[in-house]
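Please look over the sequence and the 3D view before reading on.

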Amino acid sequence: VDEVIGMTEMAVDKNGRHLVGSNVVMVNDVCRGKLPMVVGDSYKITQLLYNLVTNAAKFTVAGSIQLSAREDQERSMLELDVADTGKGIEPEALKRIFEPFQQTEN
């Protein structure tokens, strides 16, 4: 998570502007000691989290981007959350954002 936050803070858009503005705080609320070891492709997990965090950064002008995680022992899963204070997704777009190759207009 620290690696993803560091990469995101250094990331720039196609115009050379930093994705994380000076009015945005990145918050790491992931408690490393209380979470289980996750077996998987570390590159793909990092890329997934990076994609979620940079997407949050693109649409958060001020406020925060918060990363947290928790273990769901009942389902043997680890849940990662990326929460931001950005403008959000319009209700009409919510219906299609999880379809392949979809994104909202702005």
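Is arginine 75 buried, partly exposed or exposed? Arginine 75 is partly exposed, because its relative accessible area is 49%; buried means under 20% relative accessible area, exposed over 50%, and partly exposed in between, computed with a 1.4 Å probe on protein chains only.

## Basis of the model

This is a predicted model, in which local features need pLDDT of at least 70 and side-chain atom pairs count only at pLDDT 80 or more, while totals for chains, interfaces and linings use all residues. Residues are numbered from 1 along each chain as its sequence is written, and side-chain values use heavy atoms, with hydrogens and water left out.

## Salt bridges

The whole structure holds 5 salt bridges, each defined as a side-chain nitrogen of Lys or Arg within 4 Å of a carboxyl oxygen of Asp or Glu. Side chains of opposite charge can pair when their charged atoms come close. Arginine 70 has a salt bridge with glutamate 79, with the closest N and O atoms 3.2 Å apart. Glutamate 79 is partly exposed, at 23% relative accessible area, and arginine 70 is also partly exposed, at 40%.

Arginine 70 forms another salt bridge with aspartate 81, where the closest N and O atoms are 2.6 Å apart. This pair links distant parts of the chain, since arginine 70 is in strand β2 and aspartate 81 in strand β3 (residues 77-84), 11 residues apart. Helices (H or I, at least four residues) and strands (E, at least two) are DSSP runs, numbered from the N terminus. Aspartate 81 counts as partly exposed at 26% relative accessibility. Aspartate 72 and arginine 75 meet in a salt bridge with an N to O distance of 2.8 Å. Through shared partners, salt bridges join Arg70, Asp72, Arg75, Glu79 and Asp81 into one network.

## Strands and core

Strands β1 and β2 run parallel and are joined by 5 bridges; two strands pair if DSSP finds at least two bridges between them. Within this pairing, asparagine 28 has leucine 67 in β2 as its bridge partner.

The largest nonpolar core has 13 residues, and Val20, Met26, Leu49, Val53, Ala57, Ile65 and Leu67 have the most contacts inside it. Such a core is a set of buried Ala, Val, Leu, Ile, Met, Phe, Trp, Tyr and Cys residues joined through side-chain atoms within 4.5 Å. Two or more core residues come from each of α1 (2-10), β1 (24-28), α2 and β2, and α2 gives the largest share, 4 residues. Leaving aside neighbours within four places in sequence, leucine 49 is in contact (heavy atoms within 4.5 Å) with Val1, Val4, Leu67 and Val82.

Where is threonine 60 placed? Threonine 60 is in the loop between α2 (42-58) and β2 (63-72). Threonine 60 counts as buried because its relative accessibility is 4%. Its side chain reaches the backbone oxygen of alanine 56 at 2.7 Å. Not counting residues up to four places away in sequence, threonine 60 touches Val24, Ile65, Asp84, Thr85 and Gly86.

Isoleucine 45 is in helix α2. Isoleucine 45 is partly exposed, with a relative accessible area of 36%. With residues up to four places away in sequence not counted, isoleucine 45 touches Val38 and Gly40.

How values were computed:
A polar contact is a pair of N or O atoms within 3.5 Å; within protein, one must be able to donate a hydrogen and the other to accept it, and residues adjacent in sequence count only if both atoms are side-chain atoms.
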